[in-house]
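Subject: Structure handover

Hello,

Here is the structure I promised to pass on. Please open it alongside this note.

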Amino acid sequence: MNRRQWLAGAAALLASERGWAFGIGPSEPGDDRPDSAGNANSGSNPVVLPNFAFEPETEALAVAWAAAGATMTRRRKCTFNRGIRRLKNFPVGDPVWPCLVHLGKAGPTLAASRINIKTPGTHDLTQVGNITLLANATVAASGGGYFRITGLKCSSLPQTSHAVGVFSSSPGAVADTSSEIGANDSTSGVSIGIWSSDASTMAARCGGARVTAIGSAADWDGQYFNAVSRGDSAGFRAYRNGRLVADVASVSRALPAQEIYLLAANNNGTPSGSSRALSSWFVANRNLTMAQMQELSAVLAMWHQLMSTAELDTYEAGYQPQNVNAYDAIVYGATAAGVLAARSLAREGHSVCIVGGWRDYNVGGVPGAGGLGWTDSTAPSAITGLPRYLINRTQTLAGDFGWTVGTAPTEFSGVARYLSKRVKTLFKGRSDIYFEPRHFEQANRELLDPSFTGGADIPVYWSTGAVSATVVDGQITGFTTRDGRTFSGKVFIDCSYEMDLAYVGGCTMTVGREAAGAGAEAANGFRGVQTTFGTRPNQATNHSGTTVDIDPWNTPGDTKSGLIAGVQSVFTDGTPANGSADGKVQSMAYRLTLTTTPAYMIPFPSTPPAGYAKSKYEILLRLFAADPTLVLTDIFNIQPLAAGVFDFNTKNVMSSDFVDPTSTEYATASYARREEIIQLHKDYIHGLWYLLQHDEDSRIPAAVRASALTYGLSAKHYFSPNWGDQPNFNSQIYVRSGRRIVGDYVLTAEDLNAADGTTPRSTKTIAVAAYDMDSHAIEYRAYFDGTNWKVIIEGNIYITPTSGADKKAPIPYEYMLPRTGDPWNLLCLFGGSATNVAISEIRMEPPFWQMGQSAGVAAALAIENGDNNVKNLAANYAKLRARLLGVKLLAGETTLSLPMVN
């Protein structure tokens, strides 16, 4: 039975394989919760899951490798398969794969590198002279060596429809006269020199005469993906990392009957050698569109990144094994906390796997797949244990990732000065917790790959979300995912942002704001128009920081004309009452990783996204009208991660946060509805960038437009998206808050705000919080102050300083524990037992990572105790603490800091 047959009748069949799984069955996150007797539906489809099969092309490649004396590991097969499947399916309706005649990748041996991935045995490479191999990374000419693409003649390609390209990884590359691939005679051919010294640009032939200057010098640097493609007789197109660099006028001519060379161009039988190191290369017997180039560029980048570093042992959703019961512990959620929980368990000698949450398709969570490169902490010295290893390793991978004002946009120097003052507590005079997300994701992958020092053999099972759990005598014995797998184990750890396992496991849970309390808890509940809690304004601000009254009515001043888009309702004093409880949560966002470096930029589309209407951004347009001197850094908090790479966070009244009720709805929505909400957020952020870059509304300041046009998506990031998603766009949305468990112990803002030297209510510390209490906007309200109408941002909290002078607050073990009567072999991390205001500080990633490590050790100890009862460990914290402080450290790891005083 194939996958389509299995899904037939179970759900409406969607366009992509990943989409099929999202549509399986009518179950929602809460449909199969246990009843009061502890019974639960299995939640699984009664139809037996089909066996998984790698793509036939992947299997053929593995056979060819074996014949060449190379063994393809399962991890390598997973990596190849992920790319081949994408090339066979995308772009939808016009996939890349059928267009290729040759596709190559540097492998573990030169013999494996010579195999044509597209059709092994046909047009394989023949080596001539010496070639230097950097195993699994690159091949390079040595002393004039090169490859022949055996039997593939330039003249075999259609004269007006063909493409050729390479993916280069040549550190320290300089412009020269070399050619990397091709064949030509004196009048025509197909060849490229990806960084030619003729004009410090690409030089190429693509079915015609050689063009020596393509694009500008800023477009090329001898690295990454470079390609040309001809689609007609009049000219060809040059691409860099999937971006169209130039339309080149060049009349097509008959192609020469010359065999195509690699690491050289065949110049009438004489090789013109290359100085580049190539990771992969391709020849297509058809013109490739820009969409195809983007997909191919992303796949080749993924192959290079994974094969030359660490690879995952993954199991696709919806296939056998249907019952996974070989592991002591199950970690749900492929976040960084999930990775550290699993790695911690493995270090303790226990078998463990990770089960991806409903939309996980990469590891690392928001910092790795969601753009959170500037990770908040007021005390980086509090980041210890495996989290410190993770940060250290990320920095090692980045090398020198600092930046100077000279590499930043002109208006950025003011932000830099602000950040230098605000950068919290510093190591070595600077923050040690900013990074490019791609490096963080790689550091997470390495921990799951035993071939790396510090790594362990930990498999990852992708899923489409937990739908049910079986709870027997107070403990979870297993849970089932929508794609039909059941996972059984002794101890379970929910490391997802949505807390779906805790929910289907029957934990007592809450969502939103409690009523305001005393002390720091006075910031809880409905905020109304209060500005007494924190420093973040609840209105729009102009360039100088002064608040601006944005009229909320379609016709300014006319209360009968209706509210402008985004404004939810009119606020009336006392209704609802300030401080009253509700179920609302702070806004989600796509925290984009953008670049100003043309060679690695994927521009935002110059056409509006589906459903675009500038009226959706009227709040922002009215702010522009109120102050035409605004610049881009007045709209976004732009934080530098490396030279030319930036983390875009929200700022001002309308920015990257989608302030909309769907963020609250997401917390408890069905999986199908969540997918719709995700798309709404994508539409919002794409629409915002179209507005800033291309909409002709005269209210957009010229300085904002000019600066916005210098940014685009980074070709070095997110090249392995969720199935069917856009390459180079975040695969993880930033979920700041959602469901929380309600335990016997509830951590409060007052606990976190205690004075230094005092004794916490609980001294059973397993992590440290170290940031301000920070909750983003929940909704826009219209408010009349007696004189003027204005748009109010409701829900903002930003309280600083907190946690005493040292900025550190202990998080107790009880935070992770469900209440008595709920499952006692389950640990809950991101949405633990805390109030809404307390969560606004704890939600930061560093304490989440620390909880992951501690949860892994606690799970190991509970298993060794023989009862699997993590709740009982609270009564013997001394034993848990000793185990936490006594682990064998990885190189670069520090001993956990577990203060027992505030």
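Please keep in mind that the model is predicted.

Helix pair H7 and H9

Helix H7 covers residues 336-347, and helix H9 covers residues 386-398. They pack at an angle of about 115°. Their axes lie 10 Å apart. The crossing is right-handed. On the H7 side, the contact is made by Ala336, Leu340, Ser344 and Arg347. H9 contributes Leu386, Pro387 and Leu390. By class, this contact has 5 nonpolar, 1 polar and 1 charged residues.

Helix H4

H4 runs over residues 74-89. At 1.5 Å a residue, its 16 residues should span 22 Å. Of the 16 residues in H4, 13 are buried, so the helix is largely enclosed by the rest of the structure.

Strands around S37

Strand S37 (residues 779-784) is mostly covered, with 5 of its 6 residues buried. It pairs with two strands. Strand S28 (residues 567-570) runs parallel to S37, joined by 3 bridges. There, Val570 stands opposite Ala782 of S37. Strand S38 (residues 789-794) pairs with S37 in the antiparallel sense, over 6 bridges. In that pairing, Phe784 has Trp789 of S38 as its bridge partner. S37 and S38 form a hairpin with 4 residues between the strands. Within this hairpin, Gly786 takes a positive phi near 100°.

Best wishes

Terms used. Residues are numbered from 1 along each chain as its sequence is written. This is a predicted model: local features need pLDDT of at least 70, side-chain atom pairs count only at pLDDT 80 or more; totals for chains, interfaces and linings use all residues. Side-chain values use heavy atoms; hydrogens and water are left out. Axes are lines fitted to C-alpha atoms, for helices over the stretch in contact, and angles run from 0 to 180 degrees between N-to-C directions. A crossing is left-handed if the near helix is turned anticlockwise from the far one by less than a right angle, and right-handed if clockwise. Contact means heavy atoms within 4.5 Å. Ala, Val, Leu, Ile, Met, Phe, Trp, Tyr, Cys and Pro count as nonpolar, Asp, Glu, Lys and Arg as charged, and the others, Gly among them, as polar. The expected span of a helix is 1.5 Å times one less than its number of residues. Buried means under 20% relative accessible area, exposed over 50%, partly exposed in between (1.4 Å probe, protein chains only). Two strands pair if DSSP finds at least two bridges between them.
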